[in-house]
Amino acid sequence: MARDESTSPVPIDELNGGDASIAGLDDAPFCFGVVDGGLRVTYANAALRLYLGADPTGRPLADLDVAPDMLDAVRRAVGGASIAALELRRGDTHHLASVFPVKDAGGGLGGAAIAFREVTSWVEDRRRAERLQTVSAELSGAPRIASVAEIVLGQGREVLGAAAGVIALLSEEGDTFEIAAMEGFGERIERDWGSFPADLSTPMGDAVRRREPVFVDTPEQRAELYPQLSLPADTTSATVPLIVDGRALGALTFRFDGAGPIGSEVRSFVIALGNQCAQALDRARLYEAENEARGGAERLADISVRLAAASLPREVTDITAEAGVRVLGATAASVVIATGDELEVISSLGYAAEAVDRWRTFDRSHPSPLAECIRTGEPIFLESRADAVARYGDLAEAADAHHAWAALPLISHGRVLGGLGLSFATAAPLTAARRVAITTLAAQCAQALERAMLSNDIAIANQRLEAALLAGNMGWWEWDEASGRVAWSENLERIYGLEPGTFPGTYEAFLDLVHPDDRDALMAHASEGLRGDGHEFEHRVVRPDGRIRWLDGRSKVRRLSDGSAAGLAGIAIDITKRKLVELALRESDARFRGLFESGVLGVSGGCALVIDEANDALLDLVGYSRDDLGDRLLMLDRLMVSEDGSPIGEREWQLLLENGWLAPHEREYRRKDGATVTVLFAAAMIDQASGRWIGYALDLTARKRNEAALKFLADAGDLLSESLDYQVTLQRLAELVVPRLADWCTVVVLEDDGTMRNVAVAHSDPEKVALVRELEREYPPDPDAPSGSAAVIRTGRTEYLETIPDELLVQVSPDEKLLGILRDLGLRSVITAPLTARGRTFGAISLVIAESGRSYSPADVQLLKDLAHRAALAIDNARLFRERSAIADTLQASLLPPLLPAVDGFDVAAEYVPGGDGVDVGGDFYDLFSTGDDRWAVVIGDVCGKGAVAATLTGVTRHTARAAAIEDDDPVHVLESVNTALIRTETGGQLRFCTAVVGVLEPGAPSVLSLARAGHPPPLLRRRSGDVEEVGGRGTLLGVYDDPELHQVAVELEIGDLLVLYTDGVTDSWRNAGGDARLVELLRSLPADVPAAEVARRIRDDALRDRGGVGDDMAVLVLRAIG
Amino acid sequence: MQAFTVERRDDTDWTVLELVGEFDLAAEPVLQSELASALSSSTLVLDLSRVTFMDSTGLRLLLEADARVRGNGNRCVIVRGLGSVHRVIEEGLLASRLEVVERMPDSP
């Protein structure tokens, strides 16, 4: 700043000579001295003497402690130059000096005069002002609250030398300070002071309340004003409110070490810094909010696409936890799924490993925010540590890194599936915008989770069904007559000898695989089945390797909702084994005859009716002894009985006598003990005159029994596969068993609640069945009984009693009455076998012999076990079929809104009819929801894709439309968002698109509907007058092109006007009956003021009537303005 | 109901697939098998003038066919259908994105 000027030198004699008073300089408030031409001091005023601590007069200037700059300046002044405003620094002090030449007595240059003063505080002020300018520039470039705070605190500490600094922001409600940044207070304070109430007596609180700075200059002052603040003794503080446009954002405090009042320069600097800080914070806050809104919405849209595409529950929870941290800014996030009373953490992010281990599962009753929100179904937001500690005590205390928490229940269709927990370590995270985002994330997670859980269930159900079918050598199929499509389960493909997935899926392809000899009959059966109620037919198929398999096919007609037949659905069982057994039986019969003819077995000889010779085999067979033979007790008359038990020995003898021989034939022999045995008997006359003959007999009992068992199992197998209603199946089974195998048959099943229920009872006497039913009411089955059905269900092991001892009856009878009844029933022998499928025993079947008097043999036990096994598989299959279709229905329902919301001024209704694919989920959807402020979004669409992909795309479309409309309900924006989401959705190369209409309705008088259409049939607007018009301009369908052309139009809806949105499934039903024009005509012909529900129903019914075969999905959404 | 069929004409310059009948889900296997062997043709003409009905599945098959042909670096020309059939294409604003012509051209 030094200025060199050429001035005329001051005459030295005016200054020289020790007469300081002349110049009045000795008392001047600045230092003043004069040097001669040889730079020797000739004069020093009082201030200079004080400054140097001695009188320098007479000493050379160079010997004094003079700054080199000064020395240099003096030299130049002696040479004639004047130098003004020379800045000099000496340690921490600053000086401003002027040096000019003085004349000697002769008028020549005689030396120089020096004047200077200390300007330290002035220089500091100026430096601060400059610094403030720099700070201002830095702050204007700081985009975030955190960076603003960092700059401000850093400058305060550097420029002011503050020991510590803190910036706290007021919450939206203005009742809490949240610490935004803090430096220099020490770890403990910085950890504990997350937030504090605004009304607490603090410098910050006072500064904001009074809207003026608060300076605490002494410890005494602090003790008096803020007794509760425990700060080190020798400190002072300066606090300024942060105010922009009259709004208080918070406060800024610096703490200084050392006692004593805070200088005015510091005060003004803090105030200036506070002003700049407030401006910058306000900007940063706006910037952050905007950024969060824009970035958050974009990323939430991404998340919603990812959620909708997730197919496993675990994927959904992982994506949600990740979104909680990466998108919503939480420090940690976890997602739990509720299973009964247990809550299981499926995904978590950001928590310490010990915490994750500790909280893998916990109880629903646990006193934590997550458990509580799941119990109550209400979200919980904890704004501060104080809030959390007050409500959850130790739990919150332990989480020392976190300041705020959010816990939200995951609710879909009214069911709480689990919860989402977020923890925040940043200050003031739960802004209104963030809460909306958190709530949206939870809602999307819940929807996606429900869908994924259902998809998971359906996949498991399908696998189980396949496994069960595999075990039973069965496969299922569906045939849609109209399209000729035939769907097969994988196992059916295996039965046909095809690789899974290679069956072409057409009726023709199926017929090609059928044995040529059976083809015509099969086609006849199938078409007859279609006209009736289904079909049953055994036929052969030729596998690609040429091998022939026998199949038993049965089906039921599949009907549309109007009752017309759409096709057949059924199962096919590989019965090749049974057929082979039948063939083997025939063969063994022939072999046996040969064996007999070789004369190997039982031999008897006799004369007329008396048998007097017999080998041991024959005696064993008929139960007589050799003595009986001697006593001539063996008579043909006594042995041979007809089926009704009358003696026929005489007749046989006459035949033998007449023909000379009896060809081998089956005959019942009555044993000595009264029982009958089946034998194959043949005889020949030896001597006609004496009446002597010889006979052969073979015991057929064992073979008979095997034959009966095989026949029985074959019958039972047929019966079991007939019905998908297991109660009917079991009752028929019980009836099949009685009286062939038992006098009694009962089937008990275990209900879900652990009780046992007798589902089938059979006895040839209906009165006895009634008696059992009555006894069951009086003596309910005890699940813990030590023997009988309960024990078999518990252990899964078969129980067999060849004879039932009386003690057992006594043991199982709680009173004399029951004992009496049981004894009267004369129970003799019992077998109870478990009904077990997929490792689970769910019932037991018991066979009992009473009045018929025989006992069960181990062979019977094997037979019953076999029967029970087949029955269990059949029942399990039936149950899986039911489960699978129920899941498909639910999955479809989850893609549609469960109930339309009530819209003020409108009567709304919808109809939806799924397409013909049974368990597949269709692509039509509609939605109606509030976008806030009494505005409503109405959406209808049709996603075109196949199978599971279509379901995913429908989910993506619907969820994206919702998320986008809530973000910005401009219809074109919503459609563009859906377009982007669909293009991003992975479909494995499959082409897909969606047509849709999005409308936004503002109810009023008149109501206004803004609408955009993407490749979808135009909604129809039927005016009260009866005129019908199409609404909305054309737009590119979605999901194919990334630059769709979309237009928005607006129409006014007056009272009585009717808006109908529909999918092409409706008009395609009338493809041969007028198409689109048909719908226009239908609406035109409606009387005025028909309720929306009635309009929707009429459209549906009319379309169903004309839809031939299996149709596409159809959806109709009707809005009627009612004012 | 008219079953869907494809009539094929091979020329040195192009292959014409004339789609006849109702173009919906039932058409998929028929069209796919014809298309498989026509993909190598430098110009494929899909003639919709004898299609009596087309639904969104028909449209999907058409877009898929177009994408596959173009994906092979070949040209796919669509001869427009009648009334309701063309409307399906018009409604989706596809006429400008596909190469749709009014009638069967004389040569490529």
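These legends describe close-up views of a predicted model.

**View 1. Helix 1 and helix 2 of chain B pack against each other.**
Helix 1 covers residues 28-38 of chain B, and helix 2 covers residues 56-71 of chain B. Their axes lie 11 Å apart, at an angle of about 15°. Angles under 35 degrees count as roughly parallel, so helix 1 of chain B is roughly parallel to helix 2 of chain B. The crossing of these two chain B helices is right-handed. Helix 1 of chain B contributes B:Glu28, B:Leu31, B:Gln32 and B:Leu35 to the contact. From helix 2 of chain B come B:Arg60, B:Leu61, B:Glu64, B:Ala65 and B:Arg68. By class, the contact residues of helix 1 and helix 2 of chain B are 4 nonpolar, 1 polar and 4 charged.

**View 2. An open antiparallel sheet in chain A has the strand order 37-38-39-40-43.**
The sheet has 5 strands. Strand 37 (924-932) and strand 43 (1048-1053) of chain A are the edge strands, each pairing on one side only. From one strand to the next, the twist averages 20°. Inside the sheet, strand 38 (residues 935-944) and strand 39 (residues 993-1002) of chain A form an antiparallel pair over 9 bridges. One position to look at is A:Val939, whose bridge partner in strand 39 of chain A is A:Val998. Helix 33 (residues 971-984) of chain A packs on this sheet. Helix 33 touches strand 39, strand 40 (1007-1014) and strand 43 of chain A. The direction of helix 33 makes about 30° with that of strand 40 of chain A.

**View 3. A second open antiparallel sheet in chain A runs in the order 21-20-24-23-22.**
This sheet is built from 5 strands. Strand 21 (485-488) and strand 22 (536-542) of chain A stand at the edges. Each has a single partner strand, so one side of each is left without a neighbour in the sheet. The twist averages 30° from one strand to the next. Strand 22 pairs with strand 23 (residues 548-559) of chain A in the antiparallel sense, over 7 bridges. Opposite A:Phe537 stands A:Gly553, in strand 23 of chain A. Helix 19 (residues 516-531) of chain A packs on the sheet. Helix 19 touches strand 20 (474-480), strand 22, strand 23 and strand 24 (565-574) of chain A. With the direction of strand 22 of chain A, that of helix 19 makes about 145°.

**View 4. A:Asp217 and A:Arg267 form a salt bridge.**
The closest N and O atoms of the pair are 2.6 Å apart. A:Asp217 sits in the loop between strand 11 (214-216) and helix 9 (219-225) of chain A. A:Arg267 belongs to helix 10 (residues 264-309) of chain A. The pair therefore ties together parts that are 50 residues apart in sequence. Over all chains, a search of the whole structure finds 53 salt bridges.

**View 5. Helix 35 and helix 36 of chain A cross at roughly 140°.**
Helix 35 spans residues 1076-1084 of chain A, and helix 36 spans residues 1092-1106 of chain A. Their axes come within 11 Å. The angle makes helix 35 of chain A oblique to helix 36 of chain A. The crossing of helix 35 and helix 36 of chain A is right-handed. On helix 35 of chain A, the contact residues are A:Arg1078, A:Leu1079, A:Leu1082 and A:Leu1083. They meet A:Val1095, A:Arg1098, A:Ile1099, A:Asp1102 and A:Asp1106 of helix 36 of chain A. The contact of helix 35 with helix 36 of chain A holds 5 nonpolar, no polar and 4 charged residues.

Terms used
Residues numbered from 1 in each chain as written. Chains lettered and ligands numbered in written order. Predicted model: local features only at pLDDT ≥ 70, side-chain atom pairs only at ≥ 80, totals over all residues. Heavy atoms only, no water. Axes fitted to C-alpha atoms, helices over the stretch in contact; angles between N-to-C directions. Helix = DSSP H or I, 4+ residues; strand = E, 2+ residues; numbered from the N terminus. Parallel < 35°, antiparallel > 145°, perpendicular 65-115°, else oblique. Left-handed = near helix turned anticlockwise from the far one by under 90°. Contact = heavy atoms within 4.5 Å. Nonpolar A, V, L, I, M, F, W, Y, C, P; charged D, E, K, R; others polar. Pairing = 2+ DSSP bridges. Salt bridge = Lys/Arg side-chain N within 4 Å of Asp/Glu carboxyl O.
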